[in-house]
Amino acid sequence: MTQPAQILGAQDYLQQALARGLPFAVVIGGPDSGKEMLARRFLQDEVVSHSAHLTAATRHCHAFLERVLEQLGFEPFDSSSEELQQLLCVFTRHEAAQGRHTVVLLEDAHEFGPHVLETVRQIILQIPDRPSPLHFVLTGSATLHRILDSPGLRDIHDLTQWRYTLDEGDQDRNLVRPVLEITRRGQLVDRLVLDQPRLMIGRHSQNDLTLDNRFVSRHHCLLVSREDAIYVVDLRSTNGTFVNGNQVQRHALADGDVLQVGNFRLRYCEPLGAQRPPSDAARDHTDTGVLGPQAVAS
């Protein structure tokens, strides 16, 4: 039986996913884990403006889209799958512009056919907006891990990696790594999982993250993971490293911080349900010990 603390953690996870505008939230659990009740309660949250709740699996994308749109208030009509998909995208974008969230819940998502999951993938790739105007909540058994990690869904793996498991013995999956969302001129360029102790950022191709822009130094800044936080360290760059508009030399990152490196913006996102905001002392400390006496020249 799932412990109350796990249910509360999963509830917080779902609320954070919606607040951050993530396109996916994934809850894994066995038959008695309470994942169905948890998801249904989430749909009743006042911040959820529109919702479609699919409890019976379908293996046909056209039927799937019709059921979603009917629950969102559209009358049955004779349209192709492409037209239905386009209508869903237009509707959710319009509602998001008015500050309204649209959630589609697939209960026992591991039982939906591959064509349906491919349609979900296409919809999310068709809507690159962040925050996302459409949120899919997938619940299912541990089989869902294997499906979401399959080669066919590789191009949305970064979007589905933040999952919450209610099963005992599988809790380590909840402690996923932070992510950098990299944008340029308002367009999402990439998402990078911070799974290494150090990440060198700069214009040179030998960096761990190469940002091709003349305002970026060859070796511009460094991210270093410590026990208390992840720090950004400026490497004496020509144009400086900025966090939330302020130039920094060393800075302990908190969830939502935006780094500006040249004309790139790098948004730092902590794992859902596993935040570790640094203390004020850690944030203001100037001697983090993350960089030795020899800095890398620009």
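Predicted model: local features only at pLDDT ≥ 70, side-chain atom pairs only at ≥ 80, totals over all residues.
Helices (H or I, at least four residues) and strands (E, at least two) are DSSP runs, numbered from the N terminus.

Residues are numbered from 1 along each chain as its sequence is written, and side-chain values use heavy atoms, with hydrogens and water left out.

**Stop 1: the whole chain**

Buried means under 20% relative accessible area, exposed over 50%, and partly exposed in between (1.4 Å probe, protein chains only). Now think about contacts, meaning heavy atoms within 4.5 Å. Among contacts between residues at least 6 apart in sequence, 60% join residues at least 24 apart.

**Stop 2: an aromatic pair**

Rings of Phe, Tyr and Trp (its six-membered ring) pair if their centres lie within 6.5 Å; planes under 30 degrees apart count as stacked, over 60 as edge-to-face and the rest as tilted. By this rule there are 3 aromatic pairs. Select Tyr13 and Tyr164. Their ring centres are 5.8 Å apart and their planes stand at 40°, so the pair is tilted. Tyr13 sits in helix 1 (residues 4–19) and Tyr164 in strand 5 (residues 163–165), so the pair ties together parts 151 residues apart in sequence. Are the two residues buried or exposed? Tyr13 is buried, at 0% relative accessible area. Tyr164 is buried too, at 8%.

**Stop 3: a charge over a ring**

Select Arg20 and Trp162. Arg20 lies over the face of Trp162, 5.6 Å from the ring centre. The rule asks for NZ of Lys or CZ of Arg within 6 Å of the ring centre and within 35 degrees of the ring normal.

**Stop 4: the cores**

A nonpolar core is a set of buried Ala, Val, Leu, Ile, Met, Phe, Trp, Tyr and Cys residues joined through side-chain atoms within 4.5 Å. Select Phe64, Phe136 and Leu138. They have the most contacts inside the largest core, which has 55 residues. Helix 1 gives the most to this core, with 6 residues. Stay on Phe64. Beyond its neighbours within four places in sequence, its contacts include Leu54, Leu106, Phe112 and Phe136. Then move to Cys221, Leu253, Leu266 and Tyr268, which belong to a second, separate core of 20 residues.

**Stop 5: pocket and cavity**

On a 1 Å grid over the protein atoms alone, a cavity is a set of points where a 1.4 Å probe fits but cannot get out, and a pocket is an open set with protein on both sides within 12 Å along at least five of seven lines; lining residues have an atom within 4 Å of a point. Grid points are joined across faces, edges and corners, and a volume is the space filled by probe spheres set on the points.

Select Pro128, Arg130, Thr183, Leu188 and Arg191. Of the 28 residues lining the largest pocket, these lie nearest its centre. The volume of this pocket is about 560 Å³. Which element gives the most to the lining of the largest pocket? Strand 7 does, with 5 residues.

The search finds 4 cavities of 30 Å³ or more. The largest cavity holds about 110 Å³. Its lining includes Leu22, Phe24, Trp162 and Glu181.

**Stop 6: a loop**

Finish at Asn244, in the loop between strand 12 (241–243) and strand 13 (246–248). Asn244 is partly exposed, at 43% relative accessible area.
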